[in-house]
Amino acid sequence: TGSRQPENAWDTAKFYEDYPTWSAMGKDVSEVSWLLDSLALSGFNIDDVTLIGHSQGAIYSIYAAATDVRIDRIVANAGFVDTLRDPQPDRWSRESWYRGFRESPVGLDYLEIVAAVAPRCALLIGYDSDDVLVATTPELDRLLAFESLFPTIDWLVYTGEHAWPTV
């Protein structure tokens, strides 16, 4: 990020021109697995991997852990989106800026993706006034039922906006 990030780095229009059948989210998440492959081939020990992400990075960490069992645990800060309650689910497939999915994820139950992380550990941190991701925690009854089924996955909900927790 910062000065290393090219102008319009989040604009996925060119990506979809070049790869019309892919999704930017799928490409971005698969790069986590490619990184683990590269580290292993370079001699790094990847027997104990933790991903920590904020916002889009947190979303990547959830999807990556759901699809790659080499990831042992995640901390996903401001990255859970209750797509069933998101008032604007089409923003994930919009025509401009970052278009994560080719089609709108309407009906996608994000809890099912999080469940795929279990029995590995996950800490999902949300904010009650998140104006970026909006619906950052499931409804309380669904959350309690989910946590009883998957005790290695925990949620913390802070008062505040889309940020890192402060002490």
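Start with a β-α-β unit. Strand S1, helix H3 and strand S2 make one, and it is right-handed. Keep in mind that this is a predicted model. S1 covers residues 49–54, and S2 covers residues 71–77. H3 covers residues 56–67.

How do S1 and S2 pair, parallel or antiparallel? They pair in the parallel sense, over 6 bridges. Find glycine 53 on your screen. Its bridge partner in S2 is alanine 76.

Now move on to strand S3, residues 121–127. S2 and S3 also pair in the parallel sense, here over 5 bridges. Look at arginine 73. Its bridge partner in S3 is cysteine 121. S2, helix H4 and S3 make it, and it is right-handed. H4 covers residues 110–115.

Next, the core. The largest nonpolar core has 38 residues. Which residues have the most contacts inside it? They are Ile71, Leu124 and Trp155. Helix H3 gives the most to this core, with 7 residues.

Take isoleucine 71. Leaving out residues up to four places away in sequence, isoleucine 71 touches Val32, Leu36, Val49, Leu51, Ala64, Ala65 and Arg120.

Back to H3 for a moment. Glutamine 56 sits in this helix. Is glutamine 56 buried or exposed? It is buried, because its relative accessible area is 13%, and buried means under 20%. Again leaving out residues up to four places away, glutamine 56 touches Trp10, Met25, Trp92 and Tyr98.

Last topic: salt bridges. The count comes to 8. Aspartate 37 and arginine 70 form one of them, at 2.6 Å, N to O. Aspartate 37 lies in helix H2, and arginine 70 in the loop between H3 and S2, so the pair ties together parts 33 residues apart in sequence. Aspartate 37 is partly exposed, at 35% relative accessibility. Arginine 70 is partly exposed as well, at 26%.

Another pair is arginine 85 and aspartate 82, at 2.9 Å, N to O. Arginine 85 is partly exposed, at 36%. Aspartate 82 is buried, at 2%.

One more pair. Arginine 142 forms a salt bridge with aspartate 109, and their closest N and O atoms are 2.6 Å apart. Where do the two lie? Arginine 142 is in helix H5, and aspartate 109 is in the loop between S2 and H4, so this pair also ties together parts 33 residues apart in sequence. Arginine 142 is partly exposed, at 27%, whereas aspartate 109 is buried, at 14%.

Finally, a network. Salt bridges with shared partners join Lys27, Asp28 and Glu31 into one.

Key: Residues are numbered from 1 along each chain as its sequence is written. This is a predicted model: local features need pLDDT of at least 70, side-chain atom pairs count only at pLDDT 80 or more; totals for chains, interfaces and linings use all residues. Side-chain values use heavy atoms; hydrogens and water are left out. Two strands pair if DSSP finds at least two bridges between them. Helices (H or I, at least four residues) and strands (E, at least two) are DSSP runs, numbered from the N terminus. A crossover is right-handed if, with the strands pointing away from the viewer, the path from the first strand over the helix to the second runs clockwise. A nonpolar core is a set of buried Ala, Val, Leu, Ile, Met, Phe, Trp, Tyr and Cys residues joined through side-chain atoms within 4.5 Å. Buried means under 20% relative accessible area, exposed over 50%, partly exposed in between (1.4 Å probe, protein chains only). Contact means heavy atoms within 4.5 Å. A salt bridge is a side-chain nitrogen of Lys or Arg within 4 Å of a carboxyl oxygen of Asp or Glu.
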